[in-house]
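Visitor: Before we discuss any assignments, please show me the model.

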Amino acid sequence: MPLAITLMAKLASAGETVHQLLSQWRTERTEILGQVGGDRRTSIEVSIKLSLDSRAVKANKDAIKLLGIFSMLPGGAAVSRLPDMCPSMPKWNAALRVLLNAALVYHNVDRSFIQVLSPIRSYIMLRHPLEEDPQLRDLRVSYYELAKKGKSQPGDPDFLTNVKELSAEETNMEAILFDALRRKGYVERNVLQASQDYSNYLYWTQPRTDVIEMVVQVARDSHSGELAGYLQSLGLMLEVRAQYDAALATLKEAQAEFVSLGHRFGAAECLRSIGDILIAQAQFDAAQTAVKEAHAEFISLGNRMCAAHCLSSLAQLLMVQAQYDAAQTVLKEVRADYIGVGDRVGAAACLTLLGQILGMQTQYDAAQKILKEAQAECTSIGDRLGATICLSALGDIMMRQTQYDAACTALKAAQREYISLGHTLGVADCLCTLGESLIMQGQYEVARSAVKEAQTQYINLGVRLGAAECQRLLGDILRMEKHYDEARTALKEAQGEYTSLGYRPGVAECLRSLGRILQVETQYDAAWDTLMEANTIFVAVEDRSGTADCQFTLGQISRIQGRFDEAIKQFEEARKLFSIIGRTSDAQLCSEELSSASAGYSSA
């Protein structure tokens, strides 16, 4: 039923005569037409005004003010929170009954929320807005108190409960905060603090920068002494969204602000975050300098937990540089520190990195066990990003074990979660791994599309290592399609980028593919030298899968050149490694090659 008719019917049922209503409606319509002109909204506005002027509404001094409160809340007002919202309105229950009887508000299905239709909300906001009166102050304060729950983080006993409460009030919270932040004149500090607390909730659940960006702008305009902290919050939000260039600039500004204030702790925190971003951008030397400097500062300040965060960052740096043993040693020590101080997020993050390292070392069963343990811990404490990182790492391992369907399911689920979290880097990582999986299944065109999309995202994010990985995969696709010259060009470009970044596993991957091209072109001596170089690196970084691949191809070259005794040793070594890491079909190929090499050896 149209809203205007509903409102008029309610007035009639409340005792207003039809003659009175018609006369009032004509009078009010003439007045409104004179103000705004005639359109479809005129009847609704007239009916709303008549409802507000009715005897029942006018007789209750709180009714219109309560309607003003409800109109400030586009998500509806939780009935359970009304006492907190209206402490200076002790008889809000009576006012609510009046509004319900007049159809100006209504209950939702389970009667837990009071809601206002959009035309009524708009009318009240325009013609009866809450100004700086006690009702508006009470409403804001109630939401500022609720925003304090955003200070908690995964691992805190009440984190999941707080997330549930805040998620139910997101629409209202943002309406209240934006209204307060946009008001002209001085913005009180408690408004800025509440906005920062709420942004911390967003950081852990669905990172968005709109709220904290407005806080920063207001703080700049008012020359607030709290600007450094707000900039730091914005920088961290940009970092988790993988907007690295913007995050770097923001954190450097925050660091400078902290230094100017003599705030050593805040400056050190910014420096550590800068180091983490530099790691993601593969600026390893600069990253090491930043993180070590921050670590020394935290030690000087006696902050054990933040010093542990720095060591965790250094372990991640060691991991991407393929210094796996050193990384594992640091991570085990840091994890013990995290457990000691009750930091479950940090402890779970260390466990995730340990699982990823084992995956890189092709210790797949151990890696899966640890990653599943880390995933369960992240899920239990509400760390969505941590749990998603574990899921994508598990998908990568499944792919390397040729469990393609399971890998695809895991990676697509992780990709959806990354998209929900606004984590562009995670989305790119999933696309890249899915592309690699498609290459292994021979679906080259689909793979090329996925890898190119991932590469574009990496380039936009400034993640050189990811872009180089995509370039290598594109080279492998060309190799599989027998476009050897183009493949060689792409692989050498990727190799050069890996070399400049100091990423040895990537260099080895490129050399292995280049060696295979030379093998197909029957340039056996050059192929041998290239594959031996790749094999040396794979052994050094403890990549048994890469080592097995090289041994297999070297065995083929040895057999072709009639060196059957060498071929037998190489096929046996490759078969042993393939069996250990679960590549059973490749182990079977080794057995077939062994039979051929043994027959050649016998007849030689």
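Guide: In this predicted model, local features need pLDDT of at least 70 and side-chain atom pairs count only at pLDDT 80 or more, while totals for chains, interfaces and linings use all residues. Residues are numbered from 1 along each chain as its sequence is written, and side-chain values use heavy atoms, with hydrogens and water left out.

Guide: In helix α10 (residues 159–168), the buried residues are Phe159, Asn162, Val163 and Leu166. Buried means under 20% relative accessible area, exposed over 50%, and partly exposed in between (1.4 Å probe, protein chains only). Helices are DSSP runs (H or I, at least four residues), as are strands (E, at least two), numbered from the N terminus.

Visitor: Why are the buried residues of α10 said to line one face of the helix?

Guide: Seen down the axis of α10, they fall within an arc of 100°, so they line one face; the arc is that of the directions from the helix axis to the C-beta atoms. An α-helix has 3.6 residues a turn, so residues three or four places apart point the same way. The face of α10 turned away from its buried side carries the exposed residues Lys164 and Ala168.

Visitor: What makes the pair of Phe265 and Phe298 edge-to-face?

Guide: The structure holds five aromatic pairs. Rings of Phe, Tyr and Trp (its six-membered ring) pair if their centres lie within 6.5 Å; planes under 30 degrees apart count as stacked, over 60 as edge-to-face and the rest as tilted. Phe265 and Phe298 lie 5.8 Å centre to centre with 65° between the planes, and therefore form an edge-to-face pair. Phe265 belongs to helix α16 (residues 264–280) and Phe298 to helix α17 (residues 284–301), 33 residues apart.

Visitor: Why is Phe265 called partly exposed, and why is Phe298 called buried?

Guide: Phe265 has a relative accessible area of 27%, which lies between the two cut-offs, so it is partly exposed. Phe298 has 0%, and is therefore buried.
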